[in-house]
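Keep the viewer open as you read.

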Amino acid sequence: MITQLHHVQLAMPKGQEDRAVRFYADLLGLKVEPKPDILAKRGGVWFRHGDVRVHLGVEELFTPAKKAHPAFLCDDLNALARTLEAAEFPVRWDEKLSGFRRFYTADPFGNRIEFLRSED
């Protein structure tokens with residue numbers, strides 16, 4: 001029945017779109033994707049790279065997701081970790097998933113984000 005994941009939605013505080021762009025576009029390399037006019041007035045920002053889509057929507061009573069998270073496959077995990085740390089986004093390596101190297105960080109709003117690469 002389900003054939004593909006269309007996008008991941010994360011929450012963000014109102015008026016913080018510039019911070020979202022600096023993290024998701026400037027650091028992670030996703031491109032800003034225009035929102036349909038009817039949704040743009042709600043705030044937030046959408047990102048895309050190929051089939052990977054991340055939508056950040058404004059949540060009035062915002063609370064960051066500390067456990068639930070997207071996990072992104074990455075081709076150069078070490079380079080991304082260095083980039084994030086240089087931009088003052090600490091990474092926490094976790095070796096507990098067999099067959100993968102991975103780390104966690106948080107976006108500018110405190111949402112948990114996982115990055116991983118297959119060891120195969």
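How much space lies in the largest pocket? About 270 Å³. The model is a predicted one, in which local features need pLDDT of at least 70 and side-chain atom pairs count only at pLDDT 80 or more, while totals for chains, interfaces and linings use all residues. Residues are numbered from 1 along each chain as its sequence is written, and side-chain values use heavy atoms, with hydrogens and water left out.

A pocket here is an open set of points on a 1 Å grid over the protein atoms alone, where a 1.4 Å probe fits, with protein on both sides within 12 Å along at least five of seven lines; lining residues have an atom within 4 Å of a point. Grid points are joined across faces, edges and corners, and the volume is the space filled by probe spheres set on them.

Among the residues lining the largest pocket are Leu27, His49, Val52, Cys74 and Phe115. Strand β5 (residues 71–73) gives the most to this lining, with three residues; strands are DSSP runs of E with at least two residues, helices are runs of H or I with at least four, and both are numbered from the N terminus. The lining has 10 nonpolar, two polar and no charged residues. In this scheme Ala, Val, Leu, Ile, Met, Phe, Trp, Tyr, Cys and Pro are nonpolar, Asp, Glu, Lys and Arg are charged, and the others, Gly among them, are polar.

Now look at the second largest pocket, with about 190 Å³ of space. Its lining includes His6, Asp51, Arg53 and Pro70, and β4 (52–58) and β5 each supply at least two of the lining residues. By class, this lining has six nonpolar, three polar and two charged residues.

Next, find Arg102 in strand β7 (residues 100–106). Is Arg102 buried or exposed? Arg102 counts as buried because its relative accessibility is 11% (buried is under 20%, exposed over 50%, partly exposed in between, with a 1.4 Å probe and protein chains only). Its side chain makes a polar contact of 2.8 Å with the side chain of Asp94, and another, of 3.1 Å, joins the side chains of Arg102 and Tyr104. A polar contact is a pair of N or O atoms within 3.5 Å; within protein, one must be able to donate a hydrogen and the other to accept it, and residues adjacent in sequence count only if both atoms are side-chain atoms.

Finally, the largest nonpolar core has 23 residues, and Tyr24, Phe47, Leu56, Leu84, Phe103 and Phe115 have the most contacts inside it. Such a core is a set of buried Ala, Val, Leu, Ile, Met, Phe, Trp, Tyr and Cys residues joined through side-chain atoms within 4.5 Å.
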